[in-house]
Amino acid sequence: MSPPPTERDLRLDLFRGLALWLIFLDHIPSNVVSWITIRNYGFSDATEIFVFISGYTAAFVYGATMRERGFVVASARILRRAWQVYVAHIFLFTIYMAEIAYVAASFENPLYAEEMGVFEFLRQPDVTLVQALLLKFKPANMDVLPLYIALLAAFPPYVWLLLRSPTVALFVTVAIYAVAWEFGVNLPAYPSGHWVFNPFAWQLLFAFGAWCALGGMTRIGGFIRSPWVVGLAIVYLVLSFAIVLTWYVPPWTRWVPKALAEWMYPIDKTNLDVLRLAHFFALAVLTVRFVPAGWPVLRSRWLRPAVLCGQHSLEVFCMGVFLAFAAHFLMAEVSDGIAMQVFVSTVGVMLMIGAAALMSWYKTIEGRQAGGRPRAGADPAGSSP
Amino acid sequence: MTGAVVARAVLRRALPVLAGLLPALAGLWLVGGAWAEPEAALCQVPDGLVQADFPMPRVAEAIAAKRLDIAVLGSASSALGGPAGSGKSYPARFEAALAAELPGVTVRVTPYAKARQSAAEMEREIAPVLAAQKPALVIWQTGTADAIRGIDPEDFRVALEDGVASLRAGGADIVLMNMQFSPRTESMIAVSAYADVMRFVALQHAVNLFDRFAVMKHWNETGVFDLNAATKKMDMAERVHDCFGRLLTRLVTEGAALTTQGEKTND
């Protein structure tokens with residue numbers, strides 16, 4: 001059989017699926033398995049991959065809608081997607097509240113009087129719940145979906161601009177990023193501080209992904225495949241790996257020149273530090289260079305689980321956040337030994353794959369093709385932008 | 001420096017080689033007599049986990065002058081509740097252990113612990129504390145309240161740096177103490193960004209860090225203390241605080257010794 005006539009780049013699904021697994025592993029506290037995740041080997045982590053690919057696929061799907069059916073229809077679909085993500089976030093918040101309320105009621109230890117302060121918000125649900133609905137109160141590890149909601153909510157005019165003038169659109173996103181850095185622009189959080197993922201900074205990756213999807217990739221394809229750029233990317237990855245090593249082996253810190261350390265630290269995740277961004281670009285350059293789009297391996301049964309997860313990213317992401325809570329709960333209640341850490345990590349990833357397979361099955365029984373072969377009238381939400 | 005805390009701790013676990021050296025080192029300590037009590041063996045941590053990286057000249061001077069005044073600036077985890085709490089919390093245990101270690105020196109440790117105080121709020125207490133007491137050493141325990149309240153890590157860093165600068169200017173050596181390792185609330189309080197800031201500030205300003213988080217994590221992993229246990233009883237909390245006192249004693253005597261060594265090499 002000839003390869004199916006799909007425009008969908010399976011690499012996007014594959015790497016988004018892998019990113020979802022890594023985010024899950026990183027969200028389980030004190031987990032020995034998270035040692036394998038990319039944040040331990042360089043500046044950036046799976047969040048960058050997730051946001052970039054989400055921008056790419058969103059533009060791929062809604063860009064086509066906007067071209068074919070106009071601004072209003074595409075915007076309506078984007079906003080419906082933002083609403084779905086919002087509902088998913090609130091659902092996760094409810095699960096989180098259930099866990100935290102249980103721990104607050106059942107756990108007591110005079111050693112941890114101070115840490116029990118984290119439960120204090122349970123005493124004033126009137127404030128907390130409203131702040132959560134406003135996306136200002138975001139418990140630990142629940143910051144990615146609000147970012148995604150904010151990015152989607154602002155996406156319609158950006159797609160419009162991208163379709164008219166990609167260069168201006170690229171300039172606009174870089175300008176917003178620069179302004180956010182220069183003036184410290186961020187959204188407020190409750191009870192204090194700001195969003196952990198500053199949407200004005202992180203929009204750069206989302207928008208750049210969108211730009212790549214709507215023709216940008218063909219414009220820069222030759223450039224990023226050039227040996228110079230690939231070489232530079234390798235050098236940067238090696239250097240950042242060397243720096244990261246010194247975080248884990250403190251005596252090696254003295255090999256980092258003081259001037260470099262002062263210039264470099266702290267590497268700001270909230271505002272998507274340029275060093276993190278560059279690290280992601282370096283990874284992307286190597287991926288484009290060494291993983292060809294039509295690579296048959298992408299269709300192999302071994303990569304199928306990750307590709308499946310990437311194709312149902314919202315569901316699988318939520319599942320991952322929930323499973324990380326559950327894993328931590330099991331570790332606290334039963335055992336937090338290494339065997340348990342490996343067990344919950346493995347079972348968690350398997351459940352994520354199972355959920356993705358279930359979603360695909362639902363789509364087949366509803367008469368749609370899993371994996372999002374673009375079809376007129378198909379719900380773009382189905383292909384997980 | 002995302003995840004550095006967790007990953008560092010994982011790496012430590014992966015270093016059984018180091019642990020193999022421990023009995024020998026522990027033996028040396030016992031021969032030295034400093035760790036003669038059986039309780040002390042419980043507090044043992046891998047080599048390098050609690051170690052003075054920078055000298056403490058003010059402490060060395062104070063020891064030479066036979067009078068060592070120390071202030072502990074902190075939040076609720078620097079105190080223990082209950083009727084006997086203040087005598088069993090780590091500032092009191094630290095005072096007792098240090099006095100035993102330094103015969104002939106009058107050691108006084110004064111705790112200034114207020115629940116829910118952020119680093120910025122504690123930073124404002126520094127001037128009055130310095131004026132009232134002129135301590136040779138200030139232990140600054142912070143991070144947890146900031147993490148719970150979601151204070152910007154950047155604001156946290158600024159408060160720490162300002163505080164370290166005014167403590168220095170006020171003539172005190174400094175030990176920064178980071179948050180407790182609390183397995184039950186680990187997925188609810190995002191401490192890593194604050195722990196990274198503390199490590200960063202300690203390195204940048206040549207200040208010693210008492211890595212309470214890594215120490216407790218080690219105890220939990222090796223089964224010295226079961227930090228997951230739900231209990232109303234004080235005994236484990238008291239033993240943990242006793243160990244903090246002993247480890248701080250080791251850190252501070254090492255820091256003072258580093259100063260003397262430094263002077264000898266200069267001579």
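Predicted model: local features only at pLDDT ≥ 70, side-chain atom pairs only at ≥ 80, totals over all residues.
**Stop 1: chain A as a whole**

Now think about contacts between residues with a separation of 6 or more: in chain A, 78% of them link residues 24 or more positions apart.

**Stop 2: a core and one of its residues**

Next, select L20(A), A59(A), A210(A) and M352(A). Within the largest nonpolar core, which has 99 residues, these four have the most contacts. Stay with M352(A) for a moment. Which residues is M352(A) in contact with, leaving aside its neighbours within four places in sequence? Show L20(A), W21(A), F24(A), C309(A), V316(A), M319(A), G320(A) and L323(A), and you have them. There is also a second, separate core of 82 residues, and L73(B), L80(B), I151(B) and F213(B) are among its members.

**Stop 3: a tryptophan in chain A**

Select helix α8 of chain A, residues 199–225, and find W211(A) in it. Is W211(A) buried or exposed? Count the C-beta neighbours inside 10 Å: there are 23, so W211(A) counts as buried; the cut-off for that is 20 or more. P166(A) and W211(A) are 45 residues apart along the chain, yet their C-alpha atoms are separated by 6.7 Å. Setting aside residues up to four places away in sequence, W211(A) touches L162(A), P166(A), A169(A), L170(A) and G216(A).

**Stop 4: over to chain B**

Switch to chain B, where you will find 13 helices and 5 strands. Of its 267 residues, 54% count as buried. Among contacts in chain B between residues at least 6 apart in sequence, 84% join residues at least 24 apart.

Pick out strand β2 of chain B, residues 106–113, and click on Y112(B) within it. Y112(B) has 19 C-beta neighbours inside 10 Å and therefore counts as partly exposed. Not counting residues up to four places away in sequence, Y112(B) touches A71(B), V72(B), L73(B), E125(B) and V129(B).

**Stop 5: walking across parallel strands**

Select strand β1 (residues 67–74) of chain B together with β3(B): the two run parallel and are joined by 4 bridges. Look for V72(B), whose bridge partner in β3(B) is I139(B).

Move on to β4(B), residues 173–177, where 5 of 5 residues are buried. D173(B), V175(B) and M177(B) point one way, while I174(B) and L176(B) point the other way. This is a pattern to remember: in a regular strand the side chains alternate between the two faces of the sheet.

Strand β3 (residues 137–141) and β4(B) run parallel, joined by 5 bridges. Two pairs to highlight are W140(B) with its bridge partner L176(B), and Q141(B), which stands opposite M177(B).

One more strand: β5(B), residues 208–210, pairs with β4(B) in the parallel sense over 3 bridges. Here L176(B) stands opposite L209(B). To get from β4(B) to β5(B), trace the chain through helix α11 (residues 192–204); this β-α-β crossover is right-handed.

**Last stop: where the chains meet**

Finally, show both chains. How many residues of chain B are in contact with chain A? The count is 45, and they meet 42 residues of chain A. On the chain B side, α1 (4–13), α9 (144–149), α11 and α13 (235–266) each supply at least two residues. Select α1(B) to see the element that gives the most, with 6 residues. If you color this side of chain B by residue type, expect 24 nonpolar, 14 polar and 7 charged residues.

Technical notes:
Residues numbered from 1 in each chain as written. Chains lettered and ligands numbered in written order. Buried ≥ 20, exposed ≤ 12 C-beta atoms within 10 Å, placed from the backbone. Pairing = 2+ DSSP bridges. Right-handed = clockwise from strand over helix to strand, strands pointing away. Contact = placed C-beta atoms within 7 Å. Nonpolar A, V, L, I, M, F, W, Y, C, P; charged D, E, K, R; others polar. Core = buried A, V, L, I, M, F, W, Y, C linked by C-beta atoms within 7 Å.
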